[in-house]
Amino acid sequence: MIDECLGPQRSRKIQRVLRHLKVTILCLVLTVVVIRGTIGAGKFGTPGQDFNEIRDHFNFRRRAEPRRVLEEVQTTSKASEEQAKSDANADSNNYNAFDINKILIDEEDGDSKSDPNKPYSLGSKISDWDEQRAKWLEENPDYPNFIGPNKPRVLLVTGSSPKPCENPVGDHYLLKSIKNKIDYCRLHGIEIFYNMALLDAEMAGFWAKLPLIRKLLLSHPEIEFLWWMDSDAMFTDMAFELPWERYKDSNLVMHGWNEMVYDEKNWIGLNTGSFLLRNGQWALDLLDAWAPMGPKGKIREEAGKVLTRELKGRPVFEADDQSAMVYLLITQKDKWGEKVYLENAYYLHGYWGILVDRYEEMIENYHPGLGDHRWPLVTHFVGCKPCGKFGDYPVERCLKQMDRAFNFGDNQVLQIYGFTHKSLASRRVKRVRNETGNPLEVKDELGLLHPAFKAVKLSSS
């Protein structure tokens with residue numbers, strides 16, 4: 001009938017389309033079955049529910065994809081933050097990476113400025129210190145000012161800035177210097193005081209020692225002599241004992257020459273980098289007379305002009321304690337000169353430039369205990385300024401020579417225990433004495449291990 005109505009050719013085309021449609025429907029059914037098996041559709045049992053589930057599944061995939069990317073980004077960001085935090089913690093534990101200035105913040109200076117028109121004073125005027133001190137010593141016999149015959153109780157005082165040095169190695173050399181002083185003081189029964197506090201902001205720089213010295217004299221009446229020594233000076237004769245008997249009538253002992261001070265008025269006729277000051281009223285009066293040129297600012301600058309004009313060879317710079325002492329002695333010799341001993345028989349202060357290169361010659365020809373040019377008591381590195389940014393001499397030369405001076409003195413300590421440095425330039429040590437089963441029979445050649453003054457004398461009662 002279809003052929004009659006449409007014609008045979010047209011009828012075959014329609015039949016072919018229907019067959020294709022059947023195949024298409026069959027493929028669609030198979031596809032639905034496969035999808036239901038792989039993505040879980042069909043569990044609700046109805047085609048409508050199956051369709052909704054399929055739609056929701058694909059919609060979820062589209063929604064989940066950005067969320068997964070976001071979570072990955074967040075995870076990566078968190079990991080980066082944790083890594084950065086870990087790196088920060090590592091830096092916080094690294095001393096080399098730490099900026100020391102973060103903890104070196106001083107409080108604002110709240111000290112009132114002194115009136116430049118008023119004379120400077122170190123403190124309240126004391127005029128009866130000898131009487132006060134004598135009474136204290138009488139009431140405290142357990143703290144005598146002499147610890148043996150001709151052996152006064154001595155306090156060695158030194159110090160450095162409260163801030164770290166201005167160069168990377170300066171503090172290491174300060175450590176060597178104080179170790180050196182501790183060794184000498186231990187061997188010679190001397191007490192030691194190391195100061196890192198600026199007691200009076202007006203007396204900074206050269207002059208910081210004066211307020212400290214006065215305070216220590218008044219706080220320690222048992223001290224007979226206070227021995228000031230700069231931080232850039234080292235003991236290089238550990239066996240030399242000062243000739244205390246020589247100073248029985250002196251109150252101030254400095255390295256210097258009478259003719260250079262009193263006749264030539266030379267500003268380097270004495271040195272205040274290492275000196276002895278006897279505790280007493282005379283010392284307090286001297287400090288009061290010495291200090292007025294010290295306050296920083298206009299007073300110190302104007303005083304420097306006076307010192308440069310009056311003293312031979314002095315360059316133009318602000319007043320310093322050494323020049324002021326020379327000026328005080330030449331202008332008031334009658335008042336102070338009789339009690340001042342300018343020592344040059346041994347090196348209470350020895351200029352490093354003429355000594356350090358001769359250490360090997362000294363070792364070959366001489367021995368410790370001489371204290372003079374043959375084996376100097378003190379080697380003073382004037383001008384090297386190992387704690388500052390700049391010195392007056394090449395840095396390498398200063399540091400090498402300071403190492404040599406330290407080792408030169410340290411060898412005298414190490415030899416007590418059977419060791420010595422491999423060379424004056426070496427930090428390493430070598431054994432110079434074999435071990436023995438009778439260590440108490442080993443002779444201490446320099447007599448440093450058990451000096452006589454350390455012996456305790458028991459009362460006969």
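Author: Helix H13 (395-414) and strand S11 (419-421) each contribute at least two residues to the lining of the second largest pocket, in a model that is predicted. That pocket has a volume of about 750 Å³, and its lining comprises 32 residues, among which Gln415, Ile416, Tyr417, Gly418 and Arg433 lie nearest the centre. Sorted by class, the lining of the second largest pocket holds 15 nonpolar, 11 polar and 6 charged residues.

Within helix H13 sits Gln401, and this residue counts as buried because its relative accessible area is 9%, which falls under the 20% cut-off. The side chain of Gln401 makes a polar contact, at 3.2 Å, with the side chain of Arg404. If residues up to four places away in sequence are left aside, Gln401 touches Trp352, Val356, Asp357 and Phe381.

Turning to the nonpolar cores, the largest has 44 residues, of which Leu252, Met254, Leu277, Trp290 and Leu329 touch the most other members. Helix H8 (residues 281-290) gives the most to this core, supplying 6 residues. For Leu277, again leaving aside residues up to four places away in sequence, the contacts include Ile213, Leu217, Phe225, Leu252, Trp282 and Leu286, and also Glu224 and Asn251. Phe225, one of the residues that Leu277 touches, is itself included in a second, separate core of 25 residues, together with Met229, Tyr247 and Leu448.

Notes:
Residues numbered from 1 in each chain as written. Predicted model: local features only at pLDDT ≥ 70, side-chain atom pairs only at ≥ 80, totals over all residues. Heavy atoms only, no water. 1 Å grid on protein atoms, 1.4 Å probe; cavity = no way out; pocket = protein on both sides within 12 Å on 5 of 7 lines; lining within 4 Å. Points joined across faces, edges and corners; volume = space filled by probe spheres on them. Helix = DSSP H or I, 4+ residues; strand = E, 2+ residues; numbered from the N terminus. Nonpolar A, V, L, I, M, F, W, Y, C, P; charged D, E, K, R; others polar. Buried < 20%, exposed > 50% of the residue type's maximum accessible area, 1.4 Å probe, protein only. Polar contact = N/O pair within 3.5 Å; in protein donor to acceptor, adjacent residues only side chain to side chain. Contact = heavy atoms within 4.5 Å. Core = buried A, V, L, I, M, F, W, Y, C linked by side-chain atoms within 4.5 Å.
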